[in-house]
Amino acid sequence: MDSPFGLLAELTYRCPLACAYCSNPLNLADYRDELTTDEWRRVLAEAVDLGVLQCHLSGGEPLLRRDLVEIVADAHDLGLYTNLITSALGLSRPRAEQLRAAGLDHVQISIQADEPTRSDRIAGTPSFQRKIEAMGLVKELGWPLTVNVVLHRLNIDRVADVLALAERVGADRVELANTQYYGWAWRNRDALLPSRAQLEAAEVVVRAARERLRDRMDIIYVLPDYYSRFPKPCMSGWASRQLTVTPNGDVLPCPAAHSLPLPRASVREDPLARIWAESPVMTAFRGTDWMPEPCRSCPRRELDFGGCRCQAFLLTGDAARTDPVCHLSPDHALVARAVEAANADSRADELPLVPRPHGVRRPAGVPGGAEPASRRTTTAAPQRR
C-alpha cells in the first residue's frame, strides 16, 4: 500500500454558482455541519504524518470559509504545497494579499466559457467579469495560474476561443476537462454529453494549440470516458495515491465516492492514518483482488484498475462491476446507448438542464462560514473539478 500523495480538502459545498455539471453531492444538507478551523488543522497535521505532500483546497467555493487564510497558513507551516481551486468569486485584493502572505502556492480558477453571456448562463449567475479580474490579480501577485474549463455540449465548440482567453490572461496551465457524470452532471448527462463530431473538432484545436504554445502554456485535455475504448485509471487506483476529506469530515478515496453504499469513515471518529489503512471505504477496491472477469484476467488490470467504481455503480447499481466504459465490459451497451443518443440526427440542439441550487447559506454554528446578503435560485442553464 502506497502512502497518499495528495489531499483534496473540500472545505465547503456552499457555492455562489449553479453549474448543472457540478459533481458534488445532490444531498447538500448532509454536509452543513462543516469541520471547524481546529478540526481542519488536525486533519492537515495527520495528512502530513501520513505522507501527503500536496493539499488542494476546494469545495463548493472555499473562499466562503472565513478561516481560509488560517487554513492556508497552517498547511504552509506544515510544509504542504497548497493549491486553491476556486470560482474566484470573493477573491478581492485584500483577501488575495492575505492568502499570498499566508503562503498559498498556486491558484486554479474555473471559467465556464470564453465570453460573458454564455459563461454567466452556464454558471447560473453573473460571474465572468469577476473571474477575468481575479485572473489578472493572481498574475499580478506572482502566483502560477491554472484556468480550468469543464467541457460539455454547450461550450466544447468554443474551445479555440477558451484557449485564446487563457492565453490573453497569461495562464501557465489550462485544464480542459470533459464532464465527469456524477452528482448534478449525472442528472444532466443527456443534455451535456457532446457529439463525436464536436469531440473530434475540439481535439484538432487542442493539438494545434499544444504545438503552438508548448513553451508558454501547458494544456491538459481530459478525454470523455464515454468515448474511450478503455477506462481511465481512476485516481491512479482506488485509495492508492489520493484521498478526499469532505466538509463534514467524511474521508473518501475520490471526490465522487459519496454515492457508493460503503460504510462511512470520518476524521471526527478516527485518525486519518487508521482510516487510510483499515476502513472499508478505503480497502473495498484497493489493489486487484476484488476484480471480477473480464478485469481479473485482463493484461490492463494494473493500468486502469477496472476503471471508475463510482461510474460502475451509477450505471449498473454494482460498484464491483467492470466500468461499462470499457468495450470489454458486459455492460458496455449502457454507455453505447448514451453515445448513440448524443449523436442521433433527431436530437435537439439543447435539452433542458437541472441547475445545481445556489448553496451559500452559512451552516449554523460554524464560525468559518459566510452568509451572503441574499440567496437566489435560478432556472438558467448552467465533474470532477
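I worked on a predicted model, where local features need pLDDT of at least 70, side-chain atom pairs count only at pLDDT 80 or more, and totals for chains, interfaces and linings use all residues. Residues are numbered from 1 along each chain as its sequence is written, and side-chain values use heavy atoms, with hydrogens and water left out.

I took helices (H or I, at least four residues) and strands (E, at least two) as DSSP runs, numbered from the N terminus. Two strands pair if DSSP finds at least two bridges between them.

I then checked one pair. Strand 2 (residues 54-58) and strand 3 (residues 81-86) run parallel and are joined by 4 bridges. Q54 stands opposite Y81 in strand 3.

I checked the record. UniProt, in an unreviewed entry, lists C15, C19 and C22 under "binding site". Such annotations may be inferred rather than shown by experiment; positions follow the numbering used here, and feature names are shortened.

C19 lies in the loop between strand 1 and helix 1. C22 lies in the loop between strand 1 and helix 1. Are they buried or exposed? C19 is buried at 8% relative accessible area, and C22 counts as buried at 14%. My cut-offs were under 20% for buried and over 50% for exposed, with partly exposed in between (1.4 Å probe, protein chains only).

I also listed the contacts of C22 (heavy atoms within 4.5 Å). C22 touches Y182, G183, W184, A185 and R356, leaving out residues up to four places away in sequence.

**Helix 3.** Which residues of helix 3 (residues 93-102) are buried? I found R95, A96, L99 and A102. They fall within an arc of 125° seen down the axis, so they line one face of helix 3. The arc is that of the directions from the helix axis to the C-beta atoms. P94 and A101, on the other side, are exposed. The cover over the buried residues includes helix 2 (68-77), strand 3 and helix 5 (128-140). Just after helix 3, G103 has a positive phi of about 110°.
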